[in-house]
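Keep the structure in view as you read.

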Amino acid sequence: MTEEARVNELLQLGAKLTSDVLGPMKEAFVGKDEIIDLLGICLVARENLFILGPPGTAKSALVQQLARRIEGKMFDYLLTRFSEPNEIFGPFDIRKLRDGELVTNTEGMLPEATFVFLDELLNANSAILNSLLLVLNERVFRRGRETRHLPTLMVVGASNCLPQDDALGALFDRFLLRVRSDNVNQEELGDVLSAGWKLDQSRDRIATGITVEDVQQLSSLLTAADLSEVRSDYVELVHRLRHAGVAVSDRRAVKLQRILAASAILSGRLKVNRTDMWVLKHIWDTEEQQDVLKSIIGDVLQRASDEEKEQSHPRSQSADAPDPQRLADELDRIASKIAQGVLQATEKSYVRDQLGLLASRCQWVADSQQREFLQQRTSSLLDQLGEAA
């Protein structure tokens, strides 16, 4: 088989993953399309996803369902502040310990899983943090002299809050993409009940024709992806995000290229284009950054050519109308800061940039009255900021 034929065969495998695994999952989980698309991206990129949301919003069920559909081994664990390494990685093997060997019995534990779901991720304590960071970053388990390369395809962490402790910053940073999972809207509740009932009736393994080995082959295409045509746009975007207050370290900027490549592969091509940057809307550290990212990434997507849009990932074309209430809350926060009258020159520059970004988001608010109110409020705050200079 020629290299071109091999690549085409693997790209068809990506299309099959989308149609036979991700598509049916969207029918089974109402209102979770965005999370399922990001699970697909992280699966191909072999990266980690963080899901923020209250209990009972299908966070673990989504990962379990994905594992079932590609015949993967699942490790699902609820972390507490007192969780110990043995509970996640396994205890020492007693038989070998008698012979003086320190070897971990990993049967049924995280080191043998292809899918890992860690609920209440931010409860991770110092006893497991270093080992967990190695798993997340390098897919390696190390304890004493024991080192194992892991088969882990992806790790999904979940919590109902964002990290408040700086000590958890490194852990949170290892999850390249973040997404919210909330209860569905009232009008979708009937569909959720119906889909959930069907899901409960079919607990057997679901044959999709896609296996863990297929996904591993698909991931091998990442090294063949071509980012040369978007490199300069990506560099400019990273600078712009940093200027807007979104922390993108050099390490994250490098790793995010895998995410862009995964989007291209699932769209049936090896050439990464500007539409693949839609995934960067999900690199927020705080909820306030979500609208900022939507605005900046939205600008990039608008500049994509018709040819790029024809070959784009469907998620890049979804309408992301801003939430008027969130914009109003953000404007209230800025108004309070200006009213205190203690802004330094650099802070004023930052607030001015924030207002500029919010102004660009306000024009996309669907309701005309809300849009006009928010635009007037933004203009008024810009005037106040100028007077305070």
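**Rings, cysteines and cores**

Phe50 counts as buried because its relative accessibility is 0%. Buried means under 20% relative accessible area, exposed means over 50%, and partly exposed is in between, with a 1.4 Å probe and protein chains only. This is a predicted model, where local features need pLDDT of at least 70, side-chain atom pairs count only at pLDDT 80 or more, and totals for chains, interfaces and linings use all residues. Residues are numbered from 1 along each chain as its sequence is written, and side-chain values use heavy atoms, with hydrogens and water left out.

**Aromatic pairs**

- The structure holds four aromatic pairs. Rings of Phe, Tyr and Trp (its six-membered ring) pair if their centres lie within 6.5 Å; planes under 30 degrees apart count as stacked, over 60 as edge-to-face and the rest as tilted.
- Phe50 and Phe172 are edge-to-face, because their planes stand at 90°, with ring centres 5.0 Å apart.
- This pair links distant parts of the chain, 122 residues apart: Phe50 is in strand E1 (residues 49-52) and Phe172 in helix H7 (residues 169-173). Helices (H or I, at least four residues) and strands (E, at least two) are DSSP runs, numbered from the N terminus.
- Phe172 has 5% relative accessibility, so Phe172 counts as buried.
- Phe89 and Phe141 form a stacked pair, 5.0 Å centre to centre with 20° between the planes.
- Phe89 lies in helix H4 (residues 85-89) and Phe141 in strand E4 (residues 140-143), so their pair ties together parts 52 residues apart in sequence.
- Both Phe89 and Phe141 are buried.
- Ring pairs join Phe50, Phe172 and Phe175 into a cluster.

**Charges over rings**

- The charged end of Arg178 sits over the ring of Phe172, 3.9 Å from its centre. The rule asks for NZ of Lys or CZ of Arg within 6 Å of the ring centre and within 35 degrees of the ring normal.
- Arg143 lies over the face of Phe92, 4.6 Å from the ring centre.

**Cysteines**

- The disulfide count is zero, where a disulfide is a pair of cysteine sulfur atoms within 2.5 Å.
- Cys42 is buried at 0% relative accessible area, whereas Cys161 is partly exposed at 36%.

**Nonpolar cores**

- The largest nonpolar core has 104 residues, and Leu171, Leu177 and Leu280 have the most contacts inside it. Such a core is a set of buried Ala, Val, Leu, Ile, Met, Phe, Trp, Tyr and Cys residues joined through side-chain atoms within 4.5 Å.
- A second, separate core of 15 residues includes Val351, Leu374, Leu381 and Leu385.
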